[in-house]
Structure formats: structure tokens, C-alpha cells
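Please consult the sequence and the structure shown below while reading.

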Amino acid sequence: MEHTSTEFWIGRIQEHFVNVFTFDLGRYLIAASALSLLLWLAGSWAEARRIQKRRASRADYIREVTSSFRTVFFFALTGLTTVLLVEGGIITVFEGTYGPGQFLLQLVAITIAHDAYFYWMHRALHHRKLFRATHLHHHKSRTPTPWAAYSFSAWEGVTEAAFMPLFLLATSLMGIAYIDFAIFIFLAWMILRNVIGHAGIEVHPAGWVDTRWLDWLTTTTHHDLHHSEGRHNFGLYFTWWDRWMGTEHPRYKEEFRKVAKPLVTFARPAEVVSIATMATFATLATLASSIGALDALAL
């Protein structure tokens, strides 16, 4: 009986690991390949919005993709921890009926929490005693591509992935059961924002940093400046922490304006149309990547 029980749990752990590995690999491949294809098809539109004069080499692409497979392995190990904590009843996940208000509140809360975690974790990895062992590998992509989104050392991969079990453990201890679909959409949005930040092409329209309604959301230029210089712009989704802590690049808006253009070019009002178009695109892309990742996981 004990032997059977041991075999059962070994089988369950193996099954969970394969599922989590497939999910993480799937969302990386879907997001990075989809954005790369879109930018390639865009041709001159994308070239006009290229942020750096340097171009990533073939060796850069190979390094980014191969190291991303290593990252997926460590993400899967951390994800396995989360799944086992859920099965053990230590982390509680809400799977019943919920309203749109509850769903949006949880999605916003986990995004804000992750932004804070990422900023301070990211700054810590830049400390001179930690940088070489943890974060240097990622910064080998001085001219990043969408494939750099998961290009981490093993140490950084574990640190990046640790947010999810830590956050869900904390909320569970507070008596909050997180909605499973809110977690899923957050994971899809996270990888989408990640590949956009490493695109090397400014996909956000002109005027983005000049309106108070949007300038608190990071752009591709925001993270690209971090890769090219390394001393500023540590945030992921929002510019809040960089501005509060004085770490935003002093020429961020200036550099953005150099490469950002309206998404459409028929008239001056195109900037307004562009911003509305980008907001719509972001919503649709989030839903599309979520459905794609779900299909990959189901396979």
C-alpha cells in the first residue's frame, strides 16, 4: 500500500511538472514568436521605430533562445511548488462563480504587487555583489529582441518565478482565495508585456509619454534604455517606482519621442487615433495570448 502511494505521488509530481513546463514554454514561444512575426511583417513600419542603431546578432538570438529553455525548466520547478501547495491546501484557489468586479480587483492587485516585487528584486540583482552571478546573463542582450524575455541565469529564473508562490501564499494566509482565471490572465499579460519591453521597436504611439492618462505605463523605450545603459528604468509595468525612487532615465521621454510615431499617418489627429488603437490592441492581444496559452496547456 505504501509502495503504491509513493508511486502515485511520483506520478502526480511528474504530471504536474510536465504540465507546468508545457504551459511556461508555450506562453514564451507564443508571445515571442507572434511579436517577432508581426514586426517582421511590418517591415518599414517597424524599421522606422527601431530604438537602437545596433542590431542583435545571430549569436544573440541563439543565446536568448537556448537560455530561455533553461529558464522554463526553473520556472516549471517553481510552478510545481505552487501546484503542490494548492493540492496540499496551503494555497487556496477560488474556482466557483465570481463577478467581474472581483475578477478585475484581483487582476489589478496582483499586477501592482508584481510591479513592486519586480522593481525591488531587479534593483537588488544590480547590486555589485549579485550582478555577475545573477543578472549579467540577461544584460548580454544589449540590443534585446522579443526572445530575450526569458533569457536569464538559473539564479535569476528562480528569483523571477518566486513571486507567484510567495504572493499566493501571502493572500491565502490572509484568507483570500485567488480566482484561477485571474491568475491565468495575469500570466498571459506578464509575458506579453515582457516581450514588448524587449522588442527593440517602439510599438507605442507618439504622444504616449505626453499624456497623464498613459505616461505611467512603461513603453519599449523605457526598458530598452535599461538594457543599453543599465543604470535606470527598473520597473516592469509602471513608471511609478522609478519616479518615486529617482531611477527613471533622465532622457527617457526625449528618447521615446525620437522613435515613436503615430500608428497611422493620415493626419495630426492620428496620434489620438493611435493611442486608442494601441489600447484596443493591448486588450485583444492579452485575450489572444491567453487563449493560445490555454490551448498549448491543453495539448
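## Salt bridges and a buried alanine

K253 is partly exposed, with a relative accessibility of 27%. The model is a predicted one, and K253 forms a salt bridge in it with D215, the closest N and O atoms being 3.4 Å apart. Because D215 lies in the loop between α9 and α10 while K253 belongs to helix α12 (residues 252-259), this pair ties together parts that are 38 residues apart in sequence.

D215 is itself buried, at 12% relative accessibility. Its side chain also meets that of R243 in a salt bridge. R243 lies in helix α11 (residues 240-244) and D215 in the loop between α9 (180-197) and α10 (220-229), so this pair joins parts 28 residues apart in sequence. R243 is partly exposed, with a relative accessible area of 33%. A network of salt bridges links D215, R243, E248 and K253.

The count of salt bridges comes to eleven, including the following.

| Pair | Closest N to O distance |
|---|---|
| D215 and K253 | 3.4 Å |
| E229 and R251 | 3.4 Å |

E229 forms a salt bridge with R251. This pair links distant parts of the chain, with E229 in helix α10 and R251 in the loop between α11 and α12, 22 residues apart. E229 is partly exposed at 29% relative accessibility, and R251 is partly exposed at 34%.

Elsewhere, A46 lies in helix α2 (residues 44-47). A46 is buried because its relative accessible area of 3% falls under the 20% cut-off. Beyond residues up to four places away in sequence, A46 touches L39 and I201. A46 and G200 are 154 residues apart in sequence and 9.4 Å apart in space, C-alpha to C-alpha.

Note on methods: Residues are numbered from 1 along each chain as its sequence is written. This is a predicted model: local features need pLDDT of at least 70, side-chain atom pairs count only at pLDDT 80 or more; totals for chains, interfaces and linings use all residues. Side-chain values use heavy atoms; hydrogens and water are left out. Helices (H or I, at least four residues) and strands (E, at least two) are DSSP runs, numbered from the N terminus. Buried means under 20% relative accessible area, exposed over 50%, partly exposed in between (1.4 Å probe, protein chains only). Contact means heavy atoms within 4.5 Å. A salt bridge is a side-chain nitrogen of Lys or Arg within 4 Å of a carboxyl oxygen of Asp or Glu.
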